[in-house]
Amino acid sequence: MTQRDPRYDILFEPVQIGPVTTKNRFYQVPHCNGMGHGKPQSLAAMRGVKAEGGWGVVCTEEIEISPFSEIAPHFEGRLWDDADIPAVRLMTDACHAHGALAGAELFFNGYATPNRYSREIPMAPSHTPVRATDPIQARSMDKADIANVRRWHRAAALRARDAGFDIVYVYAGHDLGLPMHFISRRTNRRTDEYGGSLENRVRFLRELIEDTKDAVGDRCAMAVRLAVDQLLGPLGITSENEGRDAIAMLAELPDLWDVNIADWSNDSQTARFSQEGYQEQYIAHVKSLTTKPVVGVGRYTSPDAMVSAIKRGVMDLIGAARPSIADPFLPRKIEEGRFDDIRECIGCNICVTGDNLCVPIRCTQNPTMGEEWRKGWHPERIAPAQSKDTVLVVGAGPTGLELARALGQRGYEVALADAGTRVGGRLINDAALPGLATWMRVADHRMLQIQKMTNVNLYLDSRLSASEVLEFGFNRVFIATGARWRKDGLGRQHRMAIDGIANADVAPKVFSPDDVFAGAALPSPVLIYDDDHYYMAGALAERLGKQGLEVHLVTPSVKVSEFTDMTMEQQRIQAGLLKMGVQIRTTTSIAGVSAAPEGGLHVQLANTYTDDRTPLHCASLLLVTMRDPVDELFTALQARQGEWQGAGIKAVQCVGDAFAPGTVAAAVYAGHRAARELDAGELPMDTVPFRREMVGIVGLDFRSYSVPK
Ligand code: ADP
Ligand code: SF4
């Protein structure tokens with residue numbers, strides 16, 4: 001182990017938080033994960049790995065305290081009654097096994113949840129529709145309701161203590177927690193002692209803090225998570241006025257202030273829209289208002305930025321959700337001086353999609369995230385090689401890089417070949433899009449690891465043919481040659497090519513993202529047709545708009561880059577394009593295209609509901625619809641299977657985008673999985689490929705939990 005660099009000693013100082021002490025300043029703030037009460041063993045294993053990785057504090061996601069505020073179908077934690085304690089206890093045990101404190105974020109979400117499962121009427125300070133589009137309104141709470149919520153919160157705090165938590169939260173963050181709904185004038189129209197002045201609006205939060213302290217304060221630290229700015233200007237709480245005043249009023253009451261900005265899409269901004277430390281401007285004043293420790297977030301991955309935030313008095317504890325997801329061992333790596341080994345979060349929010357889609361969390365950088373229990377994957381450990389087989393990996397995009405790295409870690413002799421002059425594959429293009437430079441970290445991290453391995457050799461500028469692969473005679477061959485964009489419009493909306501697209505006078509004016517990346521100059525105006533719905537079309541519109549082109553973005557969807565709703569970027573993307581002057585047409589497809597007599601293209605647009613047609617003239621058409629695997633090498637090798645044995649080849653496998661195009665996260669996962677499964681024995685296709693949690697079917701088997709190897 002390398003000696004710790006004294007510059008970072010400050011990060012490893014213990015900090016007292018009320019009656020408990022964290023061993024260092026690394027604080028995993030609460031974060032959702034799509035597992036919650038539905039997959040408690042998976043959850044405990046994931047949190048346990050973070051504790052093992054050195055986080056001094058490891059918190060839960062939101063924990064429902066009552067069926068009167070539940071957030072189905074999303075999977076959050078649950079402490080409705082004592083029956084929930086054993087499942088939650090799995091996590092505290094896993095944290096304590098590695099010397100971390102465990103924090104429970106209790107929540108009551110007021111009008112922010114429609115109670116789809118319990119069918120109880122949501123409650124709010126004042127009558128208001130719920131946040132989702134469900135045709136449900138939350139009712140205004142009377143005094144008995146307020147007393148009930150306080151009682152439920154107190155009971156849940158006691159259950160949290162009994163489940164082994166060291167820190168218990170009152171949650172008023174993100175525009176989600178009921179106390180926040182009381183504080184904010186936007187959602188509190190009350191005329192009693194809980195409405196009107198800020199002092200009155202803060203009363204409910206004050207009461208919850210006092211209740212919780214009274215209930216568990218002797219043994220547990222009492223934390224408040226408060227959004228000090230809603231980024232709504234004078235319409236909401238801002239860090240210059242009511243956010244600041246609320247903290248000042250309650251300054252010494254909690255044992256810890258966990259401060260951030262609301263709503264969640266502002267709190268967890270992607271790298272496309274914010275830099276490391278982006279919340280400092282809002283939270284920097286908090287420490288001047290209280291003597292209690294302050295935790296803040298801002299996607300900190302650099303130890304220097306962390307030290308600086310502490311030394312400048314911005315915060316006492318470095319809060320992290322995403323950096324701890326991308327690298328659960330971030331603290332240990334800093335402590336051991338292994339800075340090159342840090343897997344830095346790229347700020348893409350693929351992790352958020354798991355929670356939003358009600359499935360276990362996944363991460364672009366960390367393919368083991370969410371797989372700790374069900375597949376037994378550990379972010380730092382992997383089984384040693386089971387044979388002396390030599391391996392050729394063709395393609396050094398995210399799939400090939402992760403595959404070669406993980407195989408190298410296992411001890412295999414690996415050759416990694418790529419046709420290009422630098423590694424990264426699709427990442428080279430993605431990272432050149434506006435705001436996506438951090439995506440290159442996926443390649444950079446893996447290259448840093450590979451360069452340290454004597455058993456992995458990289459060959460650039462090496463476009464391989466089937467004959468060459470056969471000549472080399474590696475025992476195992478993986479084809480990770482990526483994908484290319486189609487140029488005929490085929491995709492979700494058009495299951496057949498767009499009418500007229502292949503005509504000789506049309507085709508030269510039709511482009512794909514690959515053409516743009518290859519340097520094609522698109523004549524203006526350009527029509528971008530997005531039937532892909534993720535980042536590509538929106539980012540290209542931004543890029544071309546910035547180059548001065550007149551851009552029209554047409555999509556069959558109801559909004560631009562619709563999938564980015566899941567990464568919480570959609571609002572910012574569409575707003576940005578509108579502000580740039582990009583002409584946006586939604587619920588529109590392309591019925592046909594022809595060469596215009598005056599030059600350029602005549603595009604027949606069709607309304608996706610009515611099929612009403614509208615003509616649009618453009619000089620070029622950029623189709624962002626679907627990708628085809630680049631699998632010619634794989635197909636050629638398959639055709640020559642008879643020659644494999646003579647060449648010493650045992651198997652050829654197509655992986656990542658070359659197998660089925662998807663996200664970068666899917667490519668990294670595919671590469672990692674292929675590396676784990678090499679020599680691991682055949683898994684029959686009719687076997688469930690992971691351990692399942694049978695919660696609610698046959699009950700929990702608590703004994704089966706073990707820290708992954
Ligand atoms: P993935 O996302 O699955 O990693 P990418 O498209 O990012 O796929 O990367 C594929 C890589 O494969 C590219 O860097 C490309 O240069 C490389 N490649 C494609 N065909 C060949 C080939 N025949 N020989 C070597 N490298 C290839
Ligand atoms: Fe960071 Fe992306 Fe991983 Fe989330 S999915 S932790 S944003 S790298």
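Mentor: The C-alpha centres of domain 2 and domain 3 lie 31 Å apart. This is a predicted model, in which local features need pLDDT of at least 70 and side-chain atom pairs count only at pLDDT 80 or more, while totals for chains, interfaces and linings use all residues. Residues are numbered from 1 along each chain as its sequence is written, chains are lettered from A and ligands numbered from 1 in the order in which they are written, and side-chain values use heavy atoms, with hydrogens and water left out.

Trainee: What makes these parts domains?

Mentor: Their bounds come from an automatic or database domain assignment. The chain is divided into domain 1 (13-262), domain 2 (390-482 + 630-676) and domain 3 (485-628).

Trainee: How do you know that domain 2 and domain 3 are in contact?

Mentor: Contact means heavy atoms within 4.5 Å. By that criterion, 13 residues of domain 2 are in contact with 11 residues of domain 3.

Trainee: How much area do domain 2 and domain 3 bury, and why is it called buried?

Mentor: Buried area is the accessible area (1.4 Å probe) that two parts lose on being put together, summed over both. For domain 2 and domain 3 this is about 1000 Å², 62% of it on carbon and sulfur atoms. On the side of domain 2, N429, L433 and P434 supply 46% of the area buried against domain 3, more than any other three residues.

Trainee: Why is the pair R627 and D657 called a salt bridge?

Mentor: The term requires a side-chain nitrogen of Lys or Arg within 4 Å of a carboxyl oxygen of Asp or Glu. The closest N and O atoms of R627 and D657 are 3.7 Å apart, so the pair qualifies. Across the interface of domain 2 and domain 3 the rule finds 1 salt bridge. Side chains of opposite charge can pair when their charged atoms come close.

Trainee: Which residues come nearest to ligand 1?

Mentor: Of the 22 residues around ligand 1, those are T399, D418, A419, R426 and D657. A residue counts as near if one of its heavy atoms lies within 4 Å of the molecule.
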